[in-house]
Amino acid sequence: MDFIDLIKERKSIRHFTAELPPREVILECLEAASWAPNPTSQQPWKFIILSGESLKKMCRVIADNFAKAAAELAKQPAPAVSDGMAQELKARKDRSFSEMLSFLKEKGADIQTIGAGNFAFHHAPMGIMFVTYPCKNQNYLKAAVAAMENFLLAATARGLGTCWINAVSICQESIKKGLDLEPDLILVDGVAVGYPVKDSSLNQIPRHRLPVEEVTEFL
Ligand SMILES: Cc1cc2nc3c(=O)[nH]c(=O)nc-3n(C[C@H](O)[C@H](O)[C@H](O)COP(=O)(O)O)c2cc1C
């Protein structure tokens with residue numbers, strides 16, 4: 001498959017079979033992740049794989065702590081985005097949410113499923129936490145995110161489904177305590193991993209991108 005077609009084929013999967021992906025396939029995809037660009041070849045990342053009891057434990061920690069962590073986050077001052085841009089971003093979010101909700105309603109899917117699924121890694125058999133370390137600028141974080149995207153694409157190429165899980169960074173302090181991880185780690189985010197249930201409406205949610213000219217400027 002053409003590489004650009006593969007990029008477009010990757011999509012967020014929110015309904016997985018119970019089959020655990022083989023360790024060697026996961027390691028192959030993480031090795032691809034590790035070829036991401038990174039500052040002075042420091043490779044400032046760590047990949048923590050959870051399945052079975054460890055994944056259940058993390059999901060429990062998330063479910064127990066998400067509301068409080070999200071409320072703390074909401075108290076933080078709004079970032080300095082111009083009013084116009086903030087409105088535009090909100091409008092894009094509202095459009096995609098309303099399209100998703102009407103699609104799922106039309107398919108008879110339980111709308112609560114996605115929301116609850118976020119606390120449960122969408123019931124995937126495996127979760128991976130992408131971790132980095134504190135640094136004065138955001139370079140380690142940027143590199144870890146580049147590694148995440150490499151992983152998502154490599155996983156797509158191997159027939160795996162993935163979904164980015166934001167609750168991991170939101171609940172990171174509780175997760176680090178609950179899973180006995182070093183306190184100075186930065187949990188960039190999690191990825192749910194497994195094999196997609198092909199015909200599930202949760203995996204067919206309409207996806208769009210703006211015409212690239214709209215978000216591009218040639219100076
Ligand atoms: C930073 C970030 C956080 C995300 N968090 C979640 C999440 O917690 N749960 C979820 O189901 N999808 C999450 N996603 C996936 C987005 O919802 C998804 O990428 C977007 O709707 C576009 O759909 P696509 O990935 O199928 O192209 C996240 C994506 C990013 C980049």
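Helices (H or I, at least four residues) and strands (E, at least two) are DSSP runs, numbered from the N terminus. The model is predicted, with local features needing pLDDT of at least 70 and side-chain atom pairs counting only at pLDDT 80 or more, while totals for chains, interfaces and linings use all residues. Residues are numbered from 1 along each chain as its sequence is written, and side-chain values use heavy atoms, leaving out hydrogens and water.

A pocket is found on a 1 Å grid over the protein atoms alone, as an open set of points where a 1.4 Å probe fits, with protein on both sides within 12 Å along at least five of seven lines; its lining residues have an atom within 4 Å of a point. Grid points are joined across faces, edges and corners, and a volume is the space filled by probe spheres set on the points.

The largest pocket has a volume of about 1500 Å³. Its lining comprises 31 residues, and Arg14, Lys93, Ser96, Phe97 and Met100 lie nearest its centre. Two or more lining residues come from each of α4 (83–106), β3 (161–165) and α7 (167–170), and α4 gives the most, nine residues. By class, this lining has 14 nonpolar, seven polar and ten charged residues (Ala, Val, Leu, Ile, Met, Phe, Trp, Tyr, Cys and Pro count as nonpolar, Asp, Glu, Lys and Arg as charged, and the others, Gly among them, as polar).

The ligand sits in the largest pocket, in the sense that more than half of its atoms lie within 2 Å of the pocket's grid points. A polar side-chain atom of Ser12 is 2.6 Å from an oxygen atom of the ligand, and a polar side-chain atom of Arg207 is 2.9 Å from a ligand oxygen atom.

The second largest pocket has a volume of about 290 Å³. At least two of its lining residues come from each of α3 (52–75), α7 and α8 (172–178), and α3 supplies the largest share, five residues. Among the lining residues are Asn65, Lys68, Glu72, Cys171 and Lys177.

Note on methods:
Polar contact = N/O pair within 3.5 Å; in protein donor to acceptor, adjacent residues only side chain to side chain.
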